[in-house]
Amino acid sequence: METCFCCPKPRYKRLVDRLFPEDPQTPTPVSANMDKLLFFAQTSPDHLDNIGEYLALRLRRSLQRERNGHVSVALQVTEKLLSACDSRKLQLIVDSYLDILHNMLETSNTELHIMATNSFVKFAEREEGNTPYHRQYDFLIHRFASLSLTKNVDDADKYHETRMAGLQGLRGVIKKIGRQDNLQMNIWDLDHMNKIVPPFLFNMHSHSVAQSRESGEIQPVLEEGDSLGGYSQDSLTELITFAGLSHIDSVLKPILQHFDLNKLWISDKEFTAGVYVIVVEAMQPPSVQYLIRTPKTPRRQDRYKVVQSLVDHLDTKVKESWETKQGILGTLSKCVTVAADSSLGPSVLDIFRTLVRHLRISIETVSEGPSDLTSSLTFQQSITITVGEFGGVCRSPSRLSQARYTGAHQLLCTRGLRGS
């Protein structure tokens, strides 16, 4: 008769199993056995990847059996292992850690979503020695964006907590990737920015009010007792700071698309102007904390890209309503008052040409009827005011050129108004 000798379970599996309490709903590991696992991981780092994979396996089993206590234990043990590892050993267990977060975020349990997000936010603050070029955060970006846009009117506290967790997760991804080598996952791809930027804008719009400052500039101000709008604004500012001149277009395109799709150029001109003022001011030299945290520092001259983006966007709206173009011009005018002379860039004359061209088109395409005529006259007046704003911040040679271009078309404007 043959005898079957079962293979003994590896030591690292036995050490992990001893951390899970008998009650599957107990959310804390057995502390008496934690030090043993940490000592084993320090003395046998070649088993770190095996430990991480086994913890991920235990977590998946617990999720299938709805043992949320053991899910929390697996996550806490993995976090402690991450904290105990130096930058060289960290890569051995990070993939298993991200797999754990992936599985938790795939569930329909909101508490597990918040738990996983808070864990990732702490991990995002961790500096890694080597850049992991193979690592992808696409799923995390998608899930965090969904959390930040959740709708739960039944429970106000849960609504706030879930949205804040999503916003914090997105900001964690920005910190984790934005300050690292571009050879890693390119967070500045438009696909990623279209998922990251709109949640910030939605929460800024939903949880802020537009208020004029004494200087005449417009800036979103937080409603009392609510921090979602302010956190979104800070996150957008940090995203722009990381982007700098080389990637600012990737941030501006989703902003413009968001304004177009939600027709905010017409319905909330104060908000659109306020967001663009924030973008322009974020392109100023950052504070000391950004100098320490980011490898690249935006320069003041980079802000001309923000103004140029609005002018280019106006070019794409020739056939849109007068109200839409009026809203874009109002935002452009506010940006010019914030931008300095050196921030308007070398293409300032092209901007003048564009504005004057729109002035000419508006005169040539005036339709019959008092309402269209009134709207077109308001639009023409806005162009004139915007050109004047540009002239107020341009250097003397540019002012002379501006006068030459605007003066050459002033006669056309007068004739057009008389003819209509």
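In this predicted model, Ile278 is tucked away from the surface: its relative accessible area is 4%, so it falls below the 20% cut-off and counts as buried. Ile278 belongs to helix 12, which runs over residues 269-282. Along the chain, Ile278 and Cys335 are separated by 57 residues, yet their C-alpha atoms are 9.3 Å apart in space.

As a rule, an α-helix makes a turn every 3.6 residues, so positions three or four places apart point the same way.

Searching the whole structure turns up nine salt bridges. One of them joins Lys9 to Asp17, with the closest N and O atoms 2.9 Å apart. Lys9 has a relative accessible area of 40%, so it is classed as partly exposed. Asp17 also meets Arg58 in a salt bridge, at 2.5 Å from N to O. That pair links distant parts of the chain, with Asp17 in helix 1 and Arg58 in helix 3 (residues 48-64), 41 residues apart. Both Asp17 and Arg58 are buried.

Another salt bridge brings together the side chains of Asp315 and Arg357, with an N to O distance of 2.6 Å. Asp315 sits in helix 14 (residues 304-315) and Arg357 in helix 16 (residues 348-364), so this pair ties together parts of the chain 42 residues apart in sequence. Asp315 counts as partly exposed, at 29% relative accessibility, and Arg357 is partly exposed too, with a relative accessible area of 31%. Back at Asp17, shared partners join the salt bridges of Lys9, Asp17 and Arg58 into one network.

Some charged residues cluster on the surface instead. Arg11, Arg14, Arg18 and Lys36 gather there in a patch of positive charge. One of these, Arg14, is part of helix 1, which covers residues 11-17. Arg14 has a relative accessible area of 36%, so it is partly exposed; patch members need over 30%.

Technical notes
Residues numbered from 1 in each chain as written. Predicted model: local features only at pLDDT ≥ 70, side-chain atom pairs only at ≥ 80, totals over all residues. Heavy atoms only, no water. Patch = residues over 30% accessible without salt bridge, like charges linked within 9 Å, V, L, I, M, F, W, Y side chains within 5 Å. Areas by Shrake-Rupley, 256 points an atom, 1.4 Å probe, with all protein chains shown as cover. Salt bridge = Lys/Arg side-chain N within 4 Å of Asp/Glu carboxyl O. Lys, Arg positive; Asp, Glu negative; His and termini not counted. Charge placed at Lys NZ, Arg CZ, Asp CG, Glu CD. Helix = DSSP H or I, 4+ residues; strand = E, 2+ residues; numbered from the N terminus. Buried < 20%, exposed > 50% of the residue type's maximum accessible area, 1.4 Å probe, protein only.
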